[in-house]
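Subject: The structure I promised you

Hi,

Here is the structure for you to open on your screen. Have a look around, then read on for what turned up.

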Amino acid sequence: LKPENMVIESKLPLIRIIDWGFAKRVNNYKNVDDLESNLLAWTIMFNVPPSSILFDKNTIDYINKNYNGKNLNDVINKIYNDHYNDGHHGFLFSLINKLGKHAGNTWAQFLGKVILKYTKDSKFDAFKYFEEVYKHNVDIYSVLLTYLYFINNNKIPKKYVSELKEI
């Protein structure tokens, strides 16, 4: 989800989704190749978790060839430099700044924890991470970041904003 694909009804506290162009059913995926051909993993986007870049084949290959259990910071820096300078980078980090000064570091730490947990015998298991974590959280993340965008850009009628901020 992204803000452009949502319409706010000003008379009701209702938001409608109007574009399902990238919507995918995930129950039919059987391996990481299915993921790569169906997920937008080549760049960072504000409305999907930053770990989406871990489904990129080049990123997986890099982790498998270079991560030795001791050089996690180097691996994360390389992934960051390859992916975070394109896509929604500027927009995403403007939202991160509103979330707090430690949000960017927290995301790097999160990527590190994913790599640590899902790498066994020098093989990063992106499909296992997708099945156990990612697919259960991607829509929640997307909705929350979209609401944050709406609130910070005064796109929600003021009478509803105070209630949302209390949540």
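The charged end of Lys78 sits over the ring of Tyr62, 5.8 Å from the ring centre. "Over a ring" has a set meaning here: NZ of Lys or CZ of Arg must be within 6 Å of the ring centre and within 35 degrees of the ring normal.

Before you go further, bear in mind that this is a predicted model: local features need pLDDT of at least 70, side-chain atom pairs count only at pLDDT 80 or more, and totals for chains, interfaces and linings use all residues. Residues are numbered from 1 along each chain as its sequence is written, and side-chain values use heavy atoms, with hydrogens and water left out.

Now the overall layout. The protein chain has seven helices and four strands, in the order β-β-α-α-α-α-α-β-β-α-α along the sequence. Helices (H or I, at least four residues) and strands (E, at least two) are DSSP runs, numbered from the N terminus. Of the 167 residues in the protein chain, 37% are buried. Buried means under 20% relative accessible area, exposed means over 50%, and partly exposed is in between (1.4 Å probe, protein chains only).

An α-helix has 3.6 residues a turn, so residues three or four places apart point the same way.

Next, the inside. The largest nonpolar core has 21 residues, and those with the most contacts inside it are Leu54, Ile63, Ile79, Ile115, Phe124 and Tyr134. A nonpolar core is a set of buried Ala, Val, Leu, Ile, Met, Phe, Trp, Tyr and Cys residues joined through side-chain atoms within 4.5 Å. H2, helix H3 (72–83), H5 and H6 each supply at least two residues of this core, and H6 gives the most, with five. In soluble globular proteins, nonpolar side chains tend to be buried together.

How many aromatic pairs does a search of the whole structure find? There are six. Rings of Phe, Tyr and Trp (its six-membered ring) pair if their centres lie within 6.5 Å; planes under 30 degrees apart count as stacked, over 60 as edge-to-face and the rest as tilted. Take Tyr118 and Tyr129: their ring centres are 5.5 Å apart and their planes are at 65°, so the pair is edge-to-face. The pair links distant parts of the chain, with Tyr118 in helix H5 (residues 103–118) and Tyr129 in helix H6 (residues 126–152), eleven residues apart. Tyr118 is buried at 5% relative accessibility, and Tyr129 is buried at 2%. Phe55, Tyr118, Tyr129, Phe130 and Tyr134 form one aromatic cluster.

You will find Ser51 in the loop between helix H1 (32–38) and H2, buried at 0% relative accessibility. Trp107, in helix H5, is buried at 13% relative accessible area. The C-alpha atoms of Trp107 and Ser51 are separated by 8.5 Å, although the two residues are 56 apart along the chain.

Last stop: the loop between strand E3 (119–120) and strand E4 (123–124), where Asp121 has its place. Most residues other than glycine have a negative phi. Asp121, though, has a positive phi near 50°, and Ser122, in that loop as well, has a positive phi of about 60°. Asp121 is exposed at 79% relative accessibility, whereas Ser122 is partly exposed at 47%.

Happy browsing!
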